[in-house]
Amino acid sequence: MGRVTERRRVVRVRGGAAGVRPDTLVTEEPLEIRLNGKPLAITMRTPGDDFALAVGFLVSEGVLAEASDVRAVTYCEGATDEGANTYNVVNVQLAPSVPVPDITLERNVYTTSSCGLCGKASLDAVRTATRFPGLAADPVRIPAEVLAVLPDRLRAAQKVFDRTGGLHAAGLFSADGELLDLREDVGRHNAVDKIIGRALQAGRLPLAGAVLLVSGRASFELAQKAVMAGLPVLAAVSAPSSLAVDLALESGLTLVGFLRGGDMNIYAGEERISLPAG
């Protein structure tokens with residue numbers, strides 16, 4: 001299994017003086033996801049929680065909804081010409097009762113650490129019908145002051161970020177602000193898939209009553225992943241995209257951006273946020 005961090009030589013310039021020293025960097029390696037033995041997607045990720053990443057990705061694609069949908073998840077042996085296991089190819093074997101989606105060149109996905117949608121035929125391809133359609137009816141309410149402290153709690157729990165400064169994070173919180181799970185990855189979308197995959201493995205989907213907080217911005221893809229997992233609230237420390245707002249409004253997702261200190265912008269679903277008087 002690849003390491004989460006690696007050491008590299010760097011010339012460091014500080015205060016006009018230069019020196020050579022080792023630096024700790026986050027590892028980035030490709031992960032190929034196969035479905036019933038057939039290649040489906042390649043994502044650039046930080047090694048770790050690979051099985052959760054694979055099944056979380058399939059939840060986002062509408063293939064999986066519960067742990068019993070999965071027969072097995074394994075690393076593929078003989079991934080190189082020499083027959084070695086690189087731990088960079090994962091196969092998800094569906095349960096016999098789960099329909100196998102049509103895997104075509106048009107559906108094949110290449111996702112990078114900066115853009116999870118690269119290679120999609122169109123945005124229409126990711127408007128997959130959720131298996132948890134009751135999102136708009138989720139009654140959860142969250143005080144604004146609870147939302148305000150979540151970024152600090154997320155940051156305090158980022159162990160690898162402290163060593164590298166090069167990772168995104170996704171945190172799953174309860175409505176009263178308890179941190180339920182946290183995953184780090186070079187790709188924000190991968191961190192979210194790891195959160196969702198771990199929830200599926202634990203039999204906790206849909207994630208009703210929970211809050212998903214992501215470092216950085218809230219893209220359409222992250223909003224789609226939240227909807228597919230039955231998450232009622234998505235918050236980000238930076239801006240959402242216009243399509244993310246459109247999807248939130250259509251689906252009943254509460255979408256919060258620019259969550260910094262006590263400030264925030266609520267783009268959709270403000271009825272779930274208990275706001276201060278005035």
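Colleague: What relative accessible area does F258 have?

Modeller: F258 has 29%, so it is partly exposed. Keep in mind that this is a predicted model.

Colleague: Which element holds F258?

Modeller: Strand β13. F258 has a positive phi of about 50°, although it is not a glycine.

Colleague: Where else is there a positive phi in a residue other than glycine?

Modeller: N36 is one case, with phi near 50°. N36 sits in the loop between β3 (29-35) and β4 (38-45). With a relative accessible area of 27%, N36 is partly exposed.

Colleague: Back to β13. What about R260, which element is it in?

Modeller: R260 belongs to strand β13, residues 254-260. R260 is partly exposed because its relative accessibility is 47%, and the cut-off for exposed is over 50%.

Colleague: What does R260 touch, leaving out residues up to four places away in sequence?

Modeller: V237 and S238. R260 and V237 are 23 residues apart in sequence, yet their C-alpha atoms are 6.1 Å apart in space.

Colleague: What sheet is β13 part of?

Modeller: An open sheet of 6 strands, with mixed pairing. The order is β10-β9-β11-β12-β13-β14.

Colleague: Which strands stand at the edges, and why do they count as edges?

Modeller: β10 (179-185) and β14 (263-268). Each has a single partner strand, so one side of each has no neighbour in the sheet.

Colleague: How much are neighbouring strands turned against each other?

Modeller: By 20° on average, direction ignored.

Colleague: How do β9 and β10 pair?

Modeller: Strand β9, residues 168-173, pairs with β10 in the antiparallel sense, over 6 bridges. Within that pairing, L172 stands opposite D181 in β10.

Colleague: What does α4 touch on the sheet?

Modeller: α4 packs against β9, β10 and β11. The direction of α4 makes about 140° with that of β10.

Colleague: And α6, which strands does it lie across?

Modeller: Helix α6, residues 242-251, lies across β13 and β14. α6 runs at about 60° to β14.

Colleague: New topic, the core. How many residues are in the largest nonpolar core?

Modeller: 54 residues. Those with the most contacts inside the core are L64, V92, L205 and L234. As background, nonpolar side chains in soluble globular proteins tend to be buried together.

Colleague: Take L234. What does it touch beyond four places away in sequence?

Modeller: Its contacts include L212, V214, A218 and L222. Others among them are L253, T254, L255 and V256.

Colleague: You listed L205. What is the peptide bond from L205 to P206, cis or trans?

Modeller: Cis, with omega near 0°. P206 sits in the loop between α4 (188-201) and β11 (211-214).

Colleague: Switching to rings. How many aromatic pairs does a search of the whole structure find?

Modeller: 2 pairs. F51 and Y75 make a tilted pair, 4.9 Å centre to centre with 45° between the planes. That pair links distant parts of the chain. F51 is in helix α1 (residues 50-60) and Y75 in strand β5 (residues 70-75), 24 residues apart. F51 is partly exposed, at 26% relative accessibility.

Colleague: What is the geometry of Y75 and Y87?

Modeller: Edge-to-face: 5.1 Å centre to centre, 80° between the planes. Y87 lies in the loop between β5 and β6 (89-94), 12 residues apart from Y75. Y87 has a relative accessible area of 34%, so it is partly exposed.

Colleague: Which residues form the aromatic cluster?

Modeller: F51, Y75 and Y87 form one cluster.

Colleague: Last, the overall numbers. How many helices and strands does the protein chain have?

Modeller: 6 helices and 15 strands. Buried residues make up 50% of the 278 residues. The accessible surface comes to about 12,700 Å², and 52% of that surface belongs to carbon and sulfur atoms.

Colleague: What share of contacts comes from residues 24 or more positions apart?

Modeller: 53% of the contacts with a separation of 6 or more.

Note on methods:
Residues are numbered from 1 along each chain as its sequence is written. This is a predicted model: local features need pLDDT of at least 70, side-chain atom pairs count only at pLDDT 80 or more; totals for chains, interfaces and linings use all residues. Side-chain values use heavy atoms; hydrogens and water are left out. A nonpolar core is a set of buried Ala, Val, Leu, Ile, Met, Phe, Trp, Tyr and Cys residues joined through side-chain atoms within 4.5 Å. Buried means under 20% relative accessible area, exposed over 50%, partly exposed in between (1.4 Å probe, protein chains only). Contact means heavy atoms within 4.5 Å. Helices (H or I, at least four residues) and strands (E, at least two) are DSSP runs, numbered from the N terminus. Accessible areas come from the Shrake-Rupley method with a 1.4 Å probe; for residues, only the protein chains shown count as cover. Rings of Phe, Tyr and Trp (its six-membered ring) pair if their centres lie within 6.5 Å; planes under 30 degrees apart count as stacked, over 60 as edge-to-face and the rest as tilted. Two strands pair if DSSP finds at least two bridges between them. Axes are lines fitted to C-alpha atoms, for helices over the stretch in contact, and angles run from 0 to 180 degrees between N-to-C directions.
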